[in-house]
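Hello,

Here is the structure I said I would pass on. My notes on it follow below.

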Amino acid sequence: MTYSVRFTGHAEADLVRLYPFILSRDAADWQVAERALEAIRQAIRALETSPFSCRKANAGNPFLRELIIPFGWSGYVALFDIEDSETVTILALRHQREDDYR
């Protein structure tokens, strides 16, 4: 089964926000930011085939899940919803060192 992955406007804004967040940690190395975004893209592609393999974000909702995206010493977390048998919606993205989803 293949799922279509889509982003909410909020999740798209998170992607835009994460780029300068990465650069703020090491502004001299923009290639790190590019590699981080590529790691996020690759991980999200995995949701097209196996979204149920990710951990549950809420014990009461088996369809709300989190994708852990390793990168360097930490990584990123994508909050997503398995809407139906064809659609996965990315709700939010954050760096693991951020407090929580915005």
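Arg-55 is partly exposed, at 45% relative accessibility (buried means under 20% relative accessible area, exposed over 50%, partly exposed in between, with a 1.4 Å probe and protein chains only). Its salt-bridge partner is Glu-66, at 2.9 Å from N to O (a salt bridge is a side-chain nitrogen of Lys or Arg within 4 Å of a carboxyl oxygen of Asp or Glu). Glu-66 counts as buried at 11%. The pair links distant parts of the chain, with Glu-66 in strand 3 and Arg-55 in strand 2, eleven residues apart. Helices (H or I, at least four residues) and strands (E, at least two) are DSSP runs, numbered from the N terminus.

Before the rest, some ground rules. This is a predicted model, in which local features need pLDDT of at least 70 and side-chain atom pairs count only at pLDDT 80 or more, while totals for chains, interfaces and linings use all residues. Residues are numbered from 1 along each chain as its sequence is written, and side-chain values use heavy atoms, leaving out hydrogens and water.

Salt bridges

The count comes to five salt bridges. In one of them, Arg-6 meets Glu-83, with the closest N and O atoms 3.0 Å apart. Arg-6 lies in strand 1 (residues 4–7) and Glu-83 in the loop between strand 4 and strand 5, so this pair ties together parts that are 77 residues apart in sequence. Glu-38 and Arg-45 form another, at 3.9 Å between the closest N and O atoms. Salt bridges that share partners join Glu-38, Arg-41 and Arg-45 into one network.

Nonpolar core

A nonpolar core is a set of buried Ala, Val, Leu, Ile, Met, Phe, Trp, Tyr and Cys residues joined through side-chain atoms within 4.5 Å. The largest one has 21 residues, and Ile-40, Leu-67 and Phe-80 have the most contacts inside it. Helix 2 gives the largest share of this core, six residues. Leaving aside neighbours within four places in sequence, Leu-67 is in contact (heavy atoms within 4.5 Å) with residues including Ala-43, Cys-54, Tyr-76 and Phe-80.

Aromatic pairs

There are two aromatic pairs (ring centres of Phe, Tyr or Trp, its six-membered ring, within 6.5 Å; planes under 30 degrees apart are stacked, over 60 edge-to-face, the rest tilted). The rings of Phe-52 and Phe-63 have centres 6.1 Å apart and planes at 70°, so that pair is edge-to-face. Phe-71 and Tyr-76 form a tilted pair, 6.3 Å centre to centre with 45° between the planes. Tyr-76 is buried at 2%, whereas Phe-71 is partly exposed at 21%.

Regards
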